[in-house]
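Subject: the structure, and some notes on it

Hi,

Here is the structure I promised to send over. Have a look, and then read on for what turned up.

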Amino acid sequence: MEPKVTGRGRPPRPQVEVVRVVTWYYAVRRLSKWSETKLEIYFDKLDRAGLGRHRGSRWNKYKAGITTPSRELVEQVGRAFKGTLEVFDHPVWLLASSERLGTPALRDLVLALPRDISGHIVRPGATATSDFWVSNDLDHQAIAAQFLQSHREQAGTHLPVMAGLLALAHDAKARQLESQHFAMHLALAAV
């Protein structure tokens, strides 16, 4: 899923980063109920409009995923609008962008997911340092069906459900379970 480098100039942005920024932008707009212009003015350090200058256009760039906001801005927006930082930092972005995740990294990402998602994957009693943390009786078909049902019934489950399915796809790669890997990609297409 990484873009191909074909010439001079800035390398293409990874598609998952584009989706991450656009998703964050729309979360900010939804939670703030503010226009793009109001966001631009409120979070503009230089106060271009107050100085009689042309207003900035960085929020328009976030809307299109052209640039990534600075960590400082993401945190400032997160303080103003609760929940937006969680969207920007959601484990789904790492799960979607990495070709291979080591066992400790995958475990940490799964444990960071909401309990109604991670509880289907993580062995009861497993801790952040457990070597054997995946449930032995993992029925990937049933779990995928439960995730998709949850997504249909509850608003706001899109990112956690996708992260859970991606985690199961990574688990399938690590354990060489081709049918599980294929099933998770089919389930992702249904989200």
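A quick definition before the details: contact here means heavy atoms within 4.5 Å. Buried means under 20% relative accessible area, exposed means over 50%, and partly exposed is in between (1.4 Å probe, protein chains only). Helices (H or I, at least four residues) and strands (E, at least two) are DSSP runs, numbered from the N terminus.

Bear in mind that this is a predicted model, in which local features need pLDDT of at least 70 and side-chain atom pairs count only at pLDDT 80 or more, while totals for chains, interfaces and linings use all residues. Residues are numbered from 1 along each chain as its sequence is written, and side-chain values use heavy atoms, with hydrogens and water left out.

The overall picture: the chain has 11 helices and 0 strands. Of its 191 residues, 39% count as buried. If you take the contacts between residues at least 6 apart in sequence, 53% of them join residues at least 24 apart.

Now to helix 9, which covers residues 140–153. Its buried residues are His140, Ile143, Ala144, Phe147, Leu148 and Ser150. They sit on the same side of helix 9 because they cover an arc of only 155 degrees around the axis (the arc is that of the directions from the helix axis to the C-beta atoms). An α-helix has 3.6 residues a turn, so residues three or four places apart point the same way. On the other side of helix 9, Arg152 and Glu153 are exposed. What do the buried residues of helix 9 pack against? Their partners are helix 8 (115–118), helix 10 (158–175) and helix 11 (178–190).

Two of those partners also pack against each other: helix 10 and helix 11 meet at an angle of about 160 degrees, their axes 8 Å apart. (Axes are lines fitted to C-alpha atoms, for helices over the stretch in contact, and angles run from 0 to 180 degrees between N-to-C directions.) That makes helix 10 roughly antiparallel to helix 11, a label for angles over 145 degrees. Among the residues making the contact are Leu165 and Ala169 of helix 10 and Met184 and Leu188 of helix 11.

Last, Leu113, in the loop between helix 7 (103–111) and helix 8. Leu113 is buried, with a relative accessible area of 4%. Leaving out residues up to four places away in sequence, Leu113 touches His90, Pro91, Ser118, Ala163 and Gly164. Leu113 and Pro91 are 22 residues apart in sequence, yet 7.3 Å apart in space, C-alpha to C-alpha.

Cheers

Definitions and conventions: Expected span 1.5 Å × (residues − 1). Parallel < 35°, antiparallel > 145°, perpendicular 65-115°, else oblique.
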